[in-house]
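Please keep the sequence and the structure open while reading.

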Amino acid sequence: MILPGNTLGLLGGGQLGRMFTSAARRMGYDVIVLDPDPTSPAAHFATEHICADFHDQKALEQLAQRCAAVTTEFENPPAESLAWLANRLPVRPGASAVAIAQDRIREKSFFAENGFPVGAFAIIQNETVFEAIGHAVRFPAILKTARFGYDGKGQARVASIDAARECFQSWRGVPCVLEQLLPLKLEVSVVLARGIDGEIATFPVVENQHQNGILDVSIAPARISAALATHAQDIGQRLAMKLEYCGVLAVEFFVIDDENGNEKLLINEIAPRPHNSGHFTIDACRTSQFEQQVRALCGLPLAPTTQHTPAVMVNLLGDVWKNNVLASERILSEPNVKLHLYGKRDARDGRKMGHYTVLGEDVPSALKLATDIKHRLVK
């Protein structure tokens, strides 16, 4: 075990890193953040900020020499940097799992090859592939870049093979995945933690609503049957075991109806880190996803994930800031609402600036208040 008093390293300084750092400092650890942004949100809470590129050899050497273990807060740190660090100290999650999650081709192939439920897809690495797609993927479909796409970026809806080819050309032929558009009933996610001894602690399933490809609202627990929720958690746990994963993992699912009208789960993607849809755990569960990240990284026993209060989390994007100011009194006036701001200076449309979590006696009342507050903020 890596006990409090030690120093932990973090690749990435965004809001997820900020919340990890807060949890780690509260538990008695020092945290060194490596991030090239001099105003990174996590640096505000860290013991020290190394402002350097993730490939910077001197910066990596500092982490290796001064930290007891290293983790990441986003899915696109260079896998080679993680692998270099892993030869010198514990790195959790490992480079191999992160490398799968940060490349949609590897990710989709991993799901299919290991028998996990996934929608129809085709790998597009050159234009000749379009002629061979045949009936593997029906249109309309969604073309997604294999790397660096998130929050709706790097993807486009295409109505035909010709449209897909034109989009692929406009993206200069970067490797892509073509996914069949599915008749979604809803989207849900599972956030879990897996320790170094294989212990798994799974949070309640969350129901997610998106706008413009960005998570808007998360409802916990999800409004699905107990059987479907258990099935989603089981898939997430099997996936973590197959990846030999250590850390916090998020698994996103589509819920559709099968040919018999029964609800069916298909994996959309995974995130090798805490997840936006797991933010409700800070206020509504016995343990947050960020404390679990600290525990898994340090080889500590995982803590209970019981949800004690129904909750609805709403993302705050830069769109609701007026002249770079949020009307926060419209949130803070509610006693059962928790406001979390990320310390970002510039409020831009589509940029995640914070979130608020509504705690309620039940999901309907929490959702109603969450929606009312949303309407107040745009007035």
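## Cysteines

The sulfur of Cys67 has its closest cysteine sulfur in Cys298, 11 Å away, which is too far for a bond, given that a disulfide is taken as a pair of cysteine sulfur atoms within 2.5 Å. Cys67 is buried at a relative accessible area of 9%, where buried means under 20% relative accessible area, computed with a 1.4 Å probe on protein chains only.

For Cys176 the closest cysteine sulfur belongs to Cys167, and the separation of 7.0 Å is again too far for a bond; Cys176 is buried, with 0% relative accessibility. The structure as a whole holds zero disulfides.

## Basis of the values

This is a predicted model, in which local features need pLDDT of at least 70 and side-chain atom pairs count only at pLDDT 80 or more, while totals for chains, interfaces and linings use all residues. Residues are numbered from 1 along each chain as its sequence is written, and side-chain values use heavy atoms, with hydrogens and water left out.

Arg18 lies in helix α1, residues 15-26 (a helix being a DSSP run of H or I with at least four residues, a strand a run of E with at least two, numbered from the N terminus), and is buried at 11% relative accessibility. Beyond residues up to four places away in sequence, its contacts (heavy atoms within 4.5 Å) include Pro41, His44, Phe45 and Tyr342.

Arg273 sits in the loop between β14 (263-271) and α8 (281-284) and is buried at 12% relative accessibility. Leaving aside neighbours within four places in sequence, Arg273 is in contact with residues including Leu16, Glu73, Glu75 and Tyr245.

Methods. Buried < 20%, exposed > 50% of the residue type's maximum accessible area, 1.4 Å probe, protein only.
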